[in-house]
Amino acid sequence: TSNKRTLRTLFRPAVLAPPVISETSPSQKKLLAYHRGKEQQEMINQLLIDRALEVYYITMDETDKEDAALPITDLPSTVRKYFFFSLAYLADYFFLKKCVQSNPVVPIQQQWLRSMLAMVPQSLMEGRDRELLTEDLLKEVIRDYETSMQRCVLRRALIKPDIPELDQLEEEAPLPLLPLGLDFSSTWHDSYIKAKNQIISTLHILHPTMKTLLDFGYTAFFNFLVVDFSSSRLKGPVDCKSLKTDASLSCSKAEEEIMSTWYQRVISLFSQSEALDGVKLDQLELFYKCVAVLLSNQLKELLQRTTEGFVKLFDPEDRSHLPLFKMDLTFDENRMEFYPSLQDLEEAILFVVDCIGQTLQNVHTIPALLTGGTATLDAELPPHTVQWAKSTLKKSITDNLQGPKEHFKGYVESYGWLVDGTAEERISRFIAEQPSFDEYT
């Protein structure tokens, strides 16, 4: 309750400067920074005074501690020296810290940023808004990197004073701690070499022969289709029988061409002893199984790509390649109908899918070819692919036959009474009424 200017009444409690939320002009920012600096200096002074008093109180007797509210001028010389020494030490620390932070840091490598972007799916980076978001995220990464580098350099260059309250002034989050409980003492090279050797000895897909087979398949199949009707629209309308014949001939010729080129190259490769270099005798069967899987996948991919290309011709959104079919409107036994029927047309189109799926189904495996066996490669189209192709084609056929059905319906409505007996009944009734000559005319 004394009116003296004591250490406890001279300085107000330390508080952080309030954040500036509203937009300010450069002059206002400079003025606010000046006031903030003065407030921080006052906070530093208060922290030092508290520390000086702590040192002074420790050296006091219990009876003297009751009269602890002394004026600044009444403090012992040792406490005043501690105060001014600490103040100078802190001032040097902040000056050196400012110098270290003003030095440029090593910029982040562009290769790191490209590697980060490479791990993001392309679908998440499409669009103008996504590009702007990507730029903002990269700027944030660069900013965090530079901040971390500055803090790391600062921790290495300067020793921070042991004042807990100083963290409030610096407004920096603590550095992340090293992971605890992890043992990095064990070596990894021996286990790596052991795993590598095991992979090389058991994972036959890494064998050079497999790379050669991949090259053979890419060269033979990358621009090849078993059936290609993409230009059939330019040739004009085709009947169903001709469609089946063309599909069968095309599949047969394609199979002969593949067997005489691609398959002959495969056989020639395995007729050389170098194709089995490094393959142990007990691993030979597994090696040939790997070869069979690789060849089967190549043939399946060819048949699947051909099927997808044929189905794409009937795409309702792009009718530029839609095949044209010749159909006749016939009259037989007092009935009007299409020839071939709409059901026959659908069967002819689906026949092409079945014809593609039956191609290349008798290609022998390499061991069967070398030993005279009968085992063949699994080149059958997956059931889900066949089901998808047929269901898509049926829907497309139904949609595209709406026009012919309406055309047929118009004929029936306009001329059906001439052939269904209605006209004959009207004529007979007219004659039975014995009309006059004028009515006849």
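**Close-up views of a predicted model**

**View 1. Val238 lies in the loop between α8 and α9.** Helices are DSSP runs of H or I with at least four residues, strands are runs of E with at least two, and both are numbered from the N terminus. This is a predicted model, in which local features need pLDDT of at least 70 and side-chain atom pairs count only at pLDDT 80 or more, whereas totals for chains, interfaces and linings use all residues. Residues are numbered from 1 along each chain as its sequence is written, and side-chain values use heavy atoms, with hydrogens and water left out. Although Val238 and Leu324 are separated by 86 residues in sequence, their C-alpha atoms are 6.3 Å apart in space. When residues up to four places away in sequence are not counted, Val238 is in contact (heavy atoms within 4.5 Å) with Leu243, Leu324, Phe325 and Lys326.

**View 2. Helix α9 (residues 240-260) packs against helix α12 (residues 342-357), with axes that come within 9 Å and cross at roughly 0°.** This makes α9 roughly parallel to α12. Axes are lines fitted to C-alpha atoms, for helices over the stretch in contact, and angles run from 0 to 180 degrees between N-to-C directions; angles under 35 degrees count as roughly parallel, over 145 as roughly antiparallel, 65 to 115 as roughly perpendicular, and the rest as oblique. From α9, Cys240, Leu243, Lys244, Ala247, Ser248 and Cys251 meet Asp344, Leu345, Ala348, Ile349, Phe351, Val352, Cys355 and Ile356 of α12. By class, this contact comprises 11 nonpolar, 1 polar and 2 charged residues, where Ala, Val, Leu, Ile, Met, Phe, Trp, Tyr, Cys and Pro count as nonpolar, Asp, Glu, Lys and Arg as charged, and the others, Gly among them, as polar.

**View 3. Helix α11 (residues 284-312) also packs with α12, at an angle of about 170° and with the axes 10 Å apart.** The two helices, α11 and α12, are therefore roughly antiparallel to each other. Leu303, Thr306, Thr307 and Phe310 of α11 make the contact with Ile349, Val352, Val353 and Ile356 of α12. The residues of this contact are 6 nonpolar and 2 polar, with no charged residues.

**View 4. Helix α4 (residues 110-118) and helix α5 (residues 128-157) cross at roughly 135°, their axes coming within 12 Å.** The pair α4 and α5 is therefore oblique. On the α4 side the contact is made by Trp112, Leu113, Met116 and Leu117, and on the α5 side by Thr134, Leu138, Val141, Ile142 and Tyr145. This contact of α4 with α5 has 8 nonpolar residues and 1 polar residue, but no charged ones.

**View 5. A salt bridge joins the side chains of Lys211 and Asp215, at 3.5 Å from N to O.** The term denotes a side-chain nitrogen of Lys or Arg within 4 Å of a carboxyl oxygen of Asp or Glu. Both Lys211 and Asp215 belong to helix α8 (residues 208-221), where they are 4 residues apart, about one turn of the helix. The whole structure holds 6 salt bridges.

**View 6. Tyr339 and Pro340 are joined by a cis peptide bond, with omega of about -5°.** Pro340 is in the loop between β2 (335-339) and α12. In the loop between α12 and α13 (366-371), Leu360 has a positive phi, near 60°, in a residue other than glycine. Most residues other than glycine have a negative phi, and most peptide bonds are trans.
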